[in-house]
Amino acid sequence: MHITRRTFLKTAAGAGLAACLPPLLPAGALAAKNRRVRNFRFKAAPTSVSLGSGPEFKAFTYNGQVPGPEIRVKEGETIRVVLENNLTEATTIHWHGIPLQNQMDGVPGLTQKAVDPGQKFIYEFEARPAGSFLYHSHAKYQLDQGLYGPLIIEAARPSESYDREYTLTLEDWVMRDGGGTARTLRRPPMAHMHGRMRRGPSYGPSEGPLWEPLYDSYAVNGRVDEAIKPLVVTKGDRVKLRLINASSATIYYLRLAGHNLTITHTDGNPIRPVETDVLRIGMGERYDAIFLADNPGHWLLSAYDTGLGEGRLKIPLRYKGSRQKDPNPPSFEQGLRMAEYVDFESRKATGFTNRRRDRFYDQVLGGGMHESYWSINGQVWPLADDLVVTAGERVALRYANHSMMPHPMHLHGHFFRIVNPKLPAERWIAKDTLILDHMQRIDVELDADNPGRWLHHCHNLYHMEAGMANVLTYDLRSHSF
Ligand code: C2O
Ligand code: CU
């Protein structure tokens, strides 16, 4: 299918969007030549759902299910999704991690007008690069109400071999009508100070942004507790896990009993394999990991439970033919290794070579102390300065987290590289989301190669909605299209 600008405009006009399209599209942005088009139809609607155990409740779903359907395509294909909004509020879909063209990025009020109830919108973009991604609504708190799903782009030329593959989408839930927006106990901003509850949980402020809920369950692929489907393996299998954290406010510390986990990809990008005892995954992050099934029995892949009820989950791993009834849990003793970003190295040279930084932006993360707002450089979105760049520049973001909580920061439309002085720049890992711990500083660099207006924010949905966001935008000189 050859898409010209005219047919695109026609399509968009059909979706009632013509008015907010920019006057011109980037040259060649949609010049898909004879690409195979994969068509999907997503109906967003309020739905009664069950997570396999526990009550039925009203959530928001794509096509009646949580998570939404897995999109699985081959690198280079064109993904075309017709979104039909049957909710009573406006919505969009964001294709998290994919450096697509700005008009398809799905941020209401920034890259498109939100799709009103009863309306349709057509998303169309090239599936590139290969890797594990996710999609989710970018409107209000809809992510926490069920509007998300996995998006897998298979490599055109696969470079790894495995016998089985499991996609594990991790989700935090309040099993009540309205999901995360339900009237439920909420964590005040100070709750995590020194890992202890400073003030008791409360219902949170009635005005202003919502505090994060105290979740009552953690789902894997839309199922909780005993309803979580086991990983079933045969002795000798090499098993690939695609871990996708679609949670709104939960970081997981995962450990697999009886086996060694080897991380092979982060945010879709291949790294030199790194063995780890504990795998930490923040909201919006993805990790692919491999393990060799060489220890028959019945085991658990579990998340570390601090006792505060966060991120509890247990995924059974069962060998075919094993009669062991109760699975062995992993132990979380002292001294376990947890692979960190500095331990990762790009598997191949990325072509991202060392050069002078054309721009620096300090990004000081703050807020949360006794207040309901979260900030970058003391500014609260949408009253925040843009990060202005010019196409072709090398841009550095210098993060410093001065707040008490960890923040997984996510940039739309680009991969950034995590600066690692121990490695040449072409081996720095490419990511789109990185966690910053309390008082941690990390520099990232990126090439400004995808003009548009791109949201940059904490992927804790409640921090984003409470101001921890700004916009990376290209200045006029780059609008040569
Ligand atoms: Cu996954 Cu701005 O989002
Ligand atoms: Cu945050």
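Why does E84 count as buried? E84 has 17% relative accessibility, so E84 falls in the buried class (under 20% relative accessible area; over 50% is exposed and in between is partly exposed, with a 1.4 Å probe and protein chains only).

The model is predicted, so local features need pLDDT of at least 70 and side-chain atom pairs count only at pLDDT 80 or more, while totals for chains, interfaces and linings use all residues. Residues are numbered from 1 along each chain as its sequence is written, chains are lettered from A and ligands numbered from 1 in the order in which they are written, and side-chain values use heavy atoms, with hydrogens and water left out.

**View 1. The protein chain as a whole.** The secondary structure comes to 2 helices and 32 strands (DSSP runs numbered from the N terminus: helices are H or I with at least four residues, strands are E with at least two). The protein chain has 481 residues, and 58% of them are buried. Among contacts between residues at least 6 apart in sequence, 78% join residues at least 24 apart (contact means heavy atoms within 4.5 Å). The accessible surface is about 19,700 Å². Carbon and sulfur atoms hold 50% of that surface (Shrake-Rupley method, 1.4 Å probe; for residues, only the protein chains shown count as cover).

**View 2. The copper ion (ligand 2) and its donors.** Three atoms coordinate the copper ion: ND1 of H407, SG of C458 and ND1 of H463. Their distances run from 2.0 to 2.1 Å. Donors are N, O and S atoms within 2.8 Å of the metal (3.2 Å for Na, K and Ca); water is not among the atoms, so sites may look incomplete. The donor spacing in sequence is H-x50-C-x4-H. H407 sits in strand β26 (residues 407-411) and C458 in strand β31 (residues 453-458). This pair links distant parts of the chain, 51 residues apart. H407 and C458 are both buried.

**View 3. Aromatic pairs.** The structure holds 14 aromatic pairs. Rings of Phe, Tyr and Trp (its six-membered ring) pair if their centres lie within 6.5 Å; planes under 30 degrees apart are stacked, over 60 edge-to-face, and the rest tilted. Y62 and Y135 make a tilted pair, 5.7 Å centre to centre with 55 degrees between the planes. Y62 belongs to strand β2 (residues 57-62) and Y135 to strand β7 (residues 131-136), so their pair ties together parts 73 residues apart in sequence. Y62 and Y135 are both buried. The Y218 and Y252 pair is edge-to-face, because the ring centres are 6.2 Å apart and the planes meet at 85 degrees. Y218 is in strand β12 (residues 217-220) and Y252 in strand β15 (residues 252-256), so this pair ties together parts 34 residues apart in sequence. Y218 counts as buried at 3% relative accessibility, and Y252 at 0%.

**View 4. A ring cluster and a charge over a ring.** Ring pairs join F42, Y62, W95, F121, Y123, F125 and Y135 into a cluster. Elsewhere, the charged end of R394 sits over the ring of F352, 3.7 Å from the ring centre (NZ of Lys or CZ of Arg within 6 Å of the centre and within 35 degrees of the ring normal).

**View 5. Salt bridges.** Side chains of opposite charge can pair when their charged atoms come close. The count is 39 salt bridges (a side-chain nitrogen of Lys or Arg within 4 Å of a carboxyl oxygen of Asp or Glu). R41 bridges to E84, with the closest N and O atoms 3.3 Å apart. R41 lies in strand β1 (residues 37-49) and E84 in strand β4 (residues 78-85), 43 residues apart. E445 and R357 form a salt bridge with closest N and O atoms 2.6 Å apart. E445 is in strand β30 (residues 441-447) and R357 in the loop between β21 (314-319) and β22 (359-367), so the pair ties together parts 88 residues apart in sequence. E445 is buried, with a relative accessible area of 4%. R359 and D475 form a salt bridge with closest N and O atoms 3.8 Å apart. R359 lies in strand β22 and D475 in the segment after β32 (469-474), 116 residues apart. D475 counts as buried at 15% relative accessibility. Salt bridges with shared partners join E70, R72, K74, E154, E160, E165, K240, R242 and D288 into one network.

**View 6. The surroundings of A155.** A155 is in the loop between β8 (148-154) and β9 (164-173). A155 counts as partly exposed at 27% relative accessibility. Leaving aside residues up to four places away in sequence, A155 touches K74, E75 and A130.
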